[in-house]
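Please read them with the structure open.

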Amino acid sequence: MAINDITKGYLKDFLVYLEVEKNFSKHTIRAYNSDVLSFLLWLDNTPVEETNHTKLKDYLVFIQRFNYSKTTLSRKITAIRTFYRYLYRERIIDTNPSDSVHAPKRNKSLPKFLSAQEIENILNNIKIETPAGFRNRAILELLYATGMRISELSNLNFGSLNLEENEITVMGKGAKERIVLVSSRAKDFLEKYLKNVRYMVPEDPCDLSESEDAPVFINKTGYRLQPQSVRAALNDIVKKIELPKKVTPHVFRHSFATKLLENGADLRVVQELLGHASISNTQIYTHVSTERLKEVYDKSHPRA
């Protein structure tokens, strides 16, 4: 099985399209690259321009044998559909053979979230005596205060900050800008990090820019801090305090949304703050809030 040079060029341009125009995360781009590459290898000698609906269905039958989860299978199909929509948009193909190919419905599970006490336990166990520790505290304070994605936080530049107004502009999915609001506590940690700590994070002295395009959060070499570093630091803290939950930066986002709705925030406001394109994506948090209410009721009512 092999891919000809023309098809390799299509795939390369497709990945650039995902990064530049769709503003997909590096993690998603890697996954789509792997998914489309596997499909192209399976096609073997069939030119991508000549693939029809029947050929696509044959591939779906082929990958069923690997017992992928519905989530993984859905992503693989979505990646291929996105690839063919790109080819059709670029007029490389005359018709889109993936139009009638649909991903399996995924079982919707309620998002995991942390209680206010669990959040405080995590935050208070970060060693802020070290520059990297103080940076991590500022990051987690910011994630919980704003509900932004870890990829959005990693991509923050100085030009994104408007702390006088307690606002930060983030670039979300689909290259859509939105403004998130910063609590006074998170703002305080962020300002102290920027003024007193950021220059100490690199292990070797270096000239750190504070231009509009300079990254807000940096690593020990002075370059932009990547999401995986935040995940690793968070894992260490959770392990240290023996919290019996899987905690990721995204769980902070879930906790932010859940807490707002529990305290009476309007669903549309939460949608705007999270940057959800559809209100249906935000509505799942109302189910979380309802489950939470039931839990409190069962524990508190004498005849529950």
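1. Helices here are DSSP runs of H or I with at least four residues, numbered from the N terminus. In that numbering, α11 is followed by G275, whose phi is positive, near 80°. The model is predicted.

2. At the start of α11, the backbone nitrogen of R268 has a side-chain oxygen of D266 within 2.8 Å.

3. Which residues of α11 are buried? Helix α11 spans residues 267-274, and its buried residues are L267, V270, Q271, L273 and L274. They lie on the same side of α11, because the arc they cover around the axis is only 165°. R268 and E272, on the other side of α11, are exposed. As a general point, an α-helix has 3.6 residues a turn, so residues three or four places apart point the same way.

4. The largest nonpolar core has 46 residues. Those with the most contacts inside it are I122, L142, I168, L190, Y193, F217 and F252. Two or more residues each come from α5 (116-124), α6 (131-146), α7 (150-154), β2 (167-171), α8 (184-197), α9 (227-240) and α10 (249-262). Of these, α6 gives the most, with eight residues.

5. What is L190 in contact with, leaving aside its neighbours within four places in sequence? The list is A138, L142, L161, L163, I168, V216 and F217.

6. In soluble globular proteins, nonpolar side chains tend to be buried together.

Methods: Residues are numbered from 1 along each chain as its sequence is written. This is a predicted model: local features need pLDDT of at least 70, side-chain atom pairs count only at pLDDT 80 or more; totals for chains, interfaces and linings use all residues. Side-chain values use heavy atoms; hydrogens and water are left out. A nonpolar core is a set of buried Ala, Val, Leu, Ile, Met, Phe, Trp, Tyr and Cys residues joined through side-chain atoms within 4.5 Å. Buried means under 20% relative accessible area, exposed over 50%, partly exposed in between (1.4 Å probe, protein chains only). Contact means heavy atoms within 4.5 Å. The arc is that of the directions from the helix axis to the C-beta atoms. A polar contact is a pair of N or O atoms within 3.5 Å; within protein, one must be able to donate a hydrogen and the other to accept it, and residues adjacent in sequence count only if both atoms are side-chain atoms.
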